[in-house]
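Please open the model in your viewer and keep the sequence panel beside it. The tour moves from the whole chain to a few selections.

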Amino acid sequence: MAIGLKFNKQKILGKDYRDITEALQLDQLFGKLTLREAKPLFAFEDDLTQSRNPDGSYPQASTGEILGIDVDLRSDVQSEVIKFTIIGVTPADFDGLGIAF
């Protein structure tokens, strides 16, 4: 039996990522998930007020803009930490979900 999955692409920080669709049975694939860490993902830009690095690039400085939230979950089925980024949700909205570490 073949299973076809459709993934929509999302561009984040200049890279293409695929969105997981409802076709996956996440409870069977990951089992019980335990939240390990959730932290904001900040945007960075060249800091032109600083001198260049030895490789010719400029040091990076945070713009303060939050692009998403990096989340680490532990899966009992996969036996490893799964990392992903949530976009379109502020850290305050995420905290409002009441998910405990």
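The stops below begin with the overall fold and then turn to individual residues.

Start with the whole chain in cartoon view, bearing in mind that this is a predicted model. The protein has two helices and five strands, and, read from the N terminus, these elements follow the order β-β-α-β-β-β-α. Of the 101 residues in the protein, 14% are buried. Among contacts between residues at least 6 apart in sequence, 46% join residues that are at least 24 apart.

Next, select residues 60-75, which form strand E4 and include Ile66. Ile66 is partly exposed, because its relative accessible area of 34% falls between the 20% and 50% limits.

Then move along strand E4 to Asp72. Is this residue buried or exposed? Asp72 counts as buried, because its relative accessibility is 12%, and the cut-off for burial is under 20%. Show side chains here and select Lys83 as well: the side chains of Asp72 and Lys83 make a polar contact at 3.0 Å.

Finally, display what surrounds Asp72, setting aside neighbours within four places in sequence: the contacts run to Thr34, Leu35, Arg36 and Glu37, and also to Val81, Ile82 and Lys83.

Note on methods
Residues are numbered from 1 along each chain as its sequence is written. This is a predicted model: local features need pLDDT of at least 70, side-chain atom pairs count only at pLDDT 80 or more; totals for chains, interfaces and linings use all residues. Side-chain values use heavy atoms; hydrogens and water are left out. Helices (H or I, at least four residues) and strands (E, at least two) are DSSP runs, numbered from the N terminus. Buried means under 20% relative accessible area, exposed over 50%, partly exposed in between (1.4 Å probe, protein chains only). A polar contact is a pair of N or O atoms within 3.5 Å; within protein, one must be able to donate a hydrogen and the other to accept it, and residues adjacent in sequence count only if both atoms are side-chain atoms. Contact means heavy atoms within 4.5 Å.
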